[in-house]
Amino acid sequence: MNRLLFFLLLVFPLIEHAQFSRKYANGHGDSVEIAMGNRAFADSVIYYKPGNPSPIEKCRNGALALGIPDWDGLDNNFTVLGRGGELVLYFKDNAIVNLEGTDLYVFELGKYIEETFLSISKDGKNWIEIGKIGGGNAAVDLGDSIPGNEVFRYLKLKDAASFTPQGKDSYPGADIDAVAALGSAFSISLNSKVLFNTGKSELKPQAKKTLDSLVNLLKDFPAYQLRVEGHTDSIGSHVSNVKLSANRALSVKNYLVGKLKNPNLIVTTKGYAELLPVSDNKTSNGRERNRRVELFVIPLKKNIPSKH
């Protein structure tokens with residue numbers, strides 16, 4: 001498939017989701033409106049370890065916390081952490097970002113108030129503790145300590161083990177139906193092979209066609225800022241990879257700024273070298289996936305979720 005066509009097929013759904021909000025049942029008789037729609041929800045499970053006592057087998061599945069809320073009103077389609085259990089989720093096509101108001105929404109079920117500790121991370125290794133959240137549906141504000149132009153893909157929920165129901169309980173710990181990033185940045189990943197020659201940070205002539213298509217799409221967005229991140233594989237020294245990834249991010253930024261011609265647009269860049277891989281650096285295909293430039297479209301405002 002033509003690389004430019006593939007890029008357009010990837011990004012057009014992003015625009016669609018950017019324009020339409022949706023309401024979701026919260027499992028307690030109300031609904032929550034989420035501006036980004038289905039894209040706002042966690043996409044994959046990185047780690048799940050049920051606590052002790054652990055839940056019944058059908059709820060001992062971290063994947064049941066992915067995607068949109070889909071509780072069927074019975075005892076299906078949600079993950080139970082177990083007392084002291086832990087769940088780490090990953091956001092693939094968007095990222096958590098700190099905007100004004102509520103940034104995360106945890107759809108928790110059950111009649112008990114079961115607290116959890118919530119943390120976020122860029123790499124799934126180094127965690128920023130946000131704090132303890134209450135049971136039921138938890139609206140979370142990341143607070144002033146998280147910069148508004150930083151993006152995070154990993155989220156960890158750990159049952160606080162602060163409540164033990166009386167008698168035999170098949171669902172100990174928090175019951176998680178879904179997690180949504182309300183403070184959410186749209187993510188676009190561009191393969192470095194499309195943009196640059198090996199070891200270089202100057203844009204290829206053909207790369208400008210891809211970036212021009214992106215410019216046209218960005219014109220349809222409401223007020224936003226951009227974050228451009230450069231990434232390499234693990235070949236070579238860390239020092240040289242940092243320089244290369246930073247320079248590549250800067251090249252993309254300079255081109256976009258020149259084309260968008262918006263004096264009020266804020267664009268930040270960062271080179272992460274090999275520190276944030278998305279695939280295995282032991283294979284050639286994995287290394288190619290890791291060599292990329294990621295753009296995050298961060299809205300300046302978001303619709304604050306409300307119950308209806």
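1. Basis. In this predicted model, local features need pLDDT of at least 70 and side-chain atom pairs count only at pLDDT 80 or more, whereas totals for chains, interfaces and linings use all residues. Residues are numbered from 1 along each chain as its sequence is written, and side-chain values use heavy atoms, with hydrogens and water left out.

2. Helix α4. Helices (H or I, at least four residues) and strands (E, at least two) are DSSP runs, numbered from the N terminus. Helix α4 covers residues 238-260, 23 residues in total, and spans 33 Å from its first C-alpha to its last, close to the 33 Å expected at 1.5 Å a residue, where the expected span is 1.5 Å times one less than the number of residues. After the helix comes Lys261, with a positive phi near 50°.

3. Burial of α4. Taking buried as under 20% relative accessible area, exposed as over 50% and partly exposed as in between (1.4 Å probe, protein chains only), the buried residues of α4 include Leu244, Arg248, Val252, Tyr255 and Leu256. An α-helix has 3.6 residues a turn, so residues three or four places apart point the same way.

4. Two strands pair if DSSP finds at least two bridges between them, and an open sheet of 4 strands runs in the order β4-β12-β7-β10 with antiparallel pairing. Because β4 (79-80) and β10 (138-140) stand at the edges with a single partner strand each, one side of each has no neighbour in the sheet. The antiparallel pairing of β4 with β12 (residues 175-181) extends over 2 bridges, and Val80 stands opposite Asp175 in β12.

5. Hairpin. Strands β1 and β2 form a hairpin with 5 residues between them, and Gly27 in the turn has a positive phi of about 85°. Their antiparallel pairing has 4 bridges, and Tyr24 has Val32 in β2 as its bridge partner.

6. Aromatic rings. The structure holds 4 aromatic pairs, a pair being Phe, Tyr or Trp rings (six-membered ring for Trp) with centres within 6.5 Å, called stacked when the planes are under 30 degrees apart, edge-to-face over 60 and tilted for the rest. The rings of Phe41 and Phe107 have centres 6.0 Å apart and planes at 45°, so this pair is tilted. Phe41 lies in the loop between β2 and β3 and Phe107 in β7, 66 residues apart, and both are buried. Ring pairs join Tyr24, Phe41, Tyr105 and Phe107 into a cluster.
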